[in-house]
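Please look at the structure shown here. The questions that follow concern its aromatic rings.

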Amino acid sequence: MTRNEWANNLVNDSHFLEVFAELKNIELSRIVNSDENDIQEREAAYSKLNAIQGVYNHIVSMADQKKINEKRWKIF
């Protein structure tokens, strides 16, 4: 199994998608429910949210790499 096949299986797995949605919701709720003056809490949650989204985006790009390679212009 190649990396993009592995990534494609993950992206199409409902449990995987649920886990990432749950992780995002946890961090969003930390931001929404933080005290008005608790800037550090919101910044920490925002940083984690960006990290979670970055990991997800990387896995999606790995899954899409095969499609990108197939559509790439063949010069030679």
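Q: How many aromatic pairs does the count come to?
A: This is a predicted model, in which local features need pLDDT of at least 70, side-chain atom pairs count only at pLDDT 80 or more, and totals for chains, interfaces and linings use all residues. Residues are numbered from 1 along each chain as its sequence is written, and side-chain values use heavy atoms, with hydrogens and water left out. Rings of Phe, Tyr and Trp (its six-membered ring) pair if their centres lie within 6.5 Å; planes under 30 degrees apart count as stacked, over 60 as edge-to-face and the rest as tilted. By this rule, the number of aromatic pairs is three.

Q: Is the pair of Phe 16 and Tyr 56 stacked or edge-to-face?
A: The ring centres of Phe 16 and Tyr 56 are 6.3 Å apart. The angle between their planes is 20°, and the pair is stacked.

Q: Is Phe 16 buried or exposed?
A: Buried means under 20% relative accessible area, exposed over 50%, and partly exposed in between (1.4 Å probe, protein chains only). Phe 16 has 12% relative accessibility, so Phe 16 counts as buried.

Q: Which class describes the pair of Phe 20 and Tyr 56?
A: The ring centres of Phe 20 and Tyr 56 lie 5.5 Å apart. Because their planes are at 55°, the pair is tilted.

Q: Which residue has its charged end over the ring of Tyr 56?
A: A charge sits over a ring if NZ of Lys or CZ of Arg is within 6 Å of the ring centre and within 35 degrees of the ring normal. At 5.1 Å from the centre of the Tyr 56 ring sits the charged end of Lys 24.
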